[in-house]
Every structure is written in C-alpha cells, then in structure tokens.
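Have a look at the chain before reading on.

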Amino acid sequence: MNYDPALDNHGLPMGPFKSISVPRPIAWVSTMSKDGKSNLAPYSQYMNLTFDPPYVMLSINQTTEGIRKDTCNNIEQTGEFVINMPT
C-alpha cells in the first residue's frame, strides 16, 4: 500500500497513521481540573524530548465533534499533569 496522508485515499475505516509506528507505548495521563475533579486518559502520542531540563511532548487531539478534551483543558488551567507508564 502507498499511503499519502495528504490524499486520505487509503480506503480503510480509520486512518492508518497512528498504527504505523509499532510497538507504541501507551501512557495514562492523569490530570486534575481546577475544581479538583480527577481525569485519567490513555495517550499513545507522547515522548520525552530532553532530560536536562526534563521536557515531555504530549499530543492531544480534539474529539470527533471538535471539542477540546478534558486532559488539554486541565493542563492549560492548572499547568500540571502526570505521565503514568504501565509495565
């Protein structure tokens, strides 16, 4: 299969981009809203960028309805999140 993300002509039910990199570790990202409500969500698009200082990259998409996810809102409102890596 020749896959060009710009054409989106793969004919599959879902785009294959997220499945190309395998194995892909899943992180459970925990956040808390400014009101104290906890949130835990799985994310497969994250990476440590540097260790001194420690930087982490986390990719958070919108929902299929175009609504921002709670994880993104919580991080922006509180400035905090935890990446939990299951064994």
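Which residue takes a positive phi in the hairpin of β1 and β2? That residue is Gly-36, with a phi near 90 degrees, and the hairpin has five residues between the strands. A word on the ground rules: this is a predicted model, where local features need pLDDT of at least 70, side-chain atom pairs count only at pLDDT 80 or more, and totals for chains, interfaces and linings use all residues. Residues are numbered from 1 along each chain as its sequence is written, and side-chain values use heavy atoms, with hydrogens and water left out.

Stepping back, the protein chain holds two helices and five strands (DSSP runs numbered from the N terminus: H or I of at least four residues for helices, E of at least two for strands). Their order along the sequence is α-β-β-β-β-α-β.

Now follow strand β1, residues 27-32. It pairs with β2 (residues 38-43) in the antiparallel sense over six bridges, pairing being called when DSSP finds at least two bridges between two strands. Ala-27 has Tyr-43 of β2 as its bridge partner. β1 also runs antiparallel to β5 (residues 82-84), joined by three bridges, and here Val-29 stands opposite Ile-83.

In a regular strand the side chains alternate between the two faces of the sheet. In β1, Ala-27, Val-29 and Thr-31 point to one face and are buried (under 20% relative accessible area, with exposed over 50% and partly exposed in between, using a 1.4 Å probe and protein chains only). Across the protein chain, buried residues make up 18% of the 87 residues.
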